[in-house]
Amino acid sequence: PLALLPFEAAAAIWMAVLLAASVATLWRLGRSMPVLLALGMLAMPVIWTLVIGQAQALVTVLLSFGSPVAVAAAGHLKLFPWLAAIYWVGRRDWRSLGRFGLAVVGLAVVQLVLAPQATLDYLGFPGLDQVETVNNLSPYEVSPLLWGAFVIVVVLVVLRLAPTRWGWAAAVALAVGGTPRLLAYQLSSLLAVFGERR
């Protein structure tokens, strides 16, 4: 809908949404010393996300809630947040995993109804041809095999830690670090490790 507005109005609304998402993330996570230390360490990615108007601020707030619907929505903004759903596999929480799957499909249907051509065009967009055109922090930059091994190891770690208090943090780390195209601003979503806990 922002594309229907003049650029200045759309940009102002978008920046307000990103700022609100950043404030909501901090409100959600609280002001404990670990959160504040992490915010300090991730200050550059957080600020860079806002400066360039990246949707990563929305991904971060959604991951901080950690619900199946929130993770599904985050994955509709960027694909790799869907990897966090491995958390529910490791916990054998089939109900949450089912809600996640239904939310992914439901959001895709809504998207298809509202913007059919854009939805179909997007299916051809994701690909590895974008990986080498940026300053990539992913192990994929060194070797696709190294990246594949890294993802497999982290998936196994998430499955092992899922029933523990570290499970959600491991799932968020996978969702952030599992992408073959990892840019500095994406690291801002690591703040969500302080989110969902059971």
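The axes of helix H1 (residues 7-29) and helix H4 (residues 56-65) come within 8 Å of each other and cross at roughly 30°. This is a predicted model.

**Helix packing**

- Two packed helices are described by the angle between their axes and the distance between the axes.
- H1 and H4 are roughly parallel to each other, because angles under 35 degrees count as roughly parallel.
- The crossing in which H1 passes H4 is left-handed.
- Helix H5 (residues 68-77) packs against H7 at an angle of about 40°, and their axes are 8 Å apart.
- That angle makes H5 oblique to H7.
- H5 passes H7 in a right-handed crossing.
- For helix H9 (residues 144-161) and helix H10 (residues 167-177), the axes come within 8 Å and the crossing angle is roughly 160°.
- H9 is therefore roughly antiparallel to H10, since the cut-off for that class is over 145 degrees.
- H9 and H10 cross in a left-handed sense.

**Nonpolar surface patch**

- Met-44, Ile-47, Trp-48, Val-51 and Ile-52 make a nonpolar surface patch of about 500 Å².
- One of these residues, Trp-48, lies in helix H3, which spans residues 43-51.
- Trp-48 has a relative accessible area of 42%, so this residue is partly exposed.
- The class follows because partly exposed covers the range between under 20% (buried) and over 50% (exposed).

- Gly-30 sits in the loop between H1 and helix H2 (33-41).
- Its relative accessibility is 25%, so Gly-30 counts as partly exposed.
- Gly-30 and Leu-191 are 161 residues apart along the chain, yet their C-alpha atoms are separated by 11 Å.

- Arg-92 is located in the loop between helix H6 (86-90) and helix H7 (94-114).
- Phi of Arg-92 is near 55°, which is a positive value in a residue other than glycine.
- Arg-92 has a relative accessible area of 61%, so this residue is exposed.
- The exposed class applies because its cut-off is over 50% relative accessible area.

Note on methods:
Residues numbered from 1 in each chain as written. Predicted model: local features only at pLDDT ≥ 70, side-chain atom pairs only at ≥ 80, totals over all residues. Heavy atoms only, no water. Patch = residues over 30% accessible without salt bridge, like charges linked within 9 Å, V, L, I, M, F, W, Y side chains within 5 Å. Areas by Shrake-Rupley, 256 points an atom, 1.4 Å probe, with all protein chains shown as cover. Salt bridge = Lys/Arg side-chain N within 4 Å of Asp/Glu carboxyl O. Helix = DSSP H or I, 4+ residues; strand = E, 2+ residues; numbered from the N terminus. Buried < 20%, exposed > 50% of the residue type's maximum accessible area, 1.4 Å probe, protein only. Axes fitted to C-alpha atoms, helices over the stretch in contact; angles between N-to-C directions. Parallel < 35°, antiparallel > 145°, perpendicular 65-115°, else oblique. Left-handed = near helix turned anticlockwise from the far one by under 90°.
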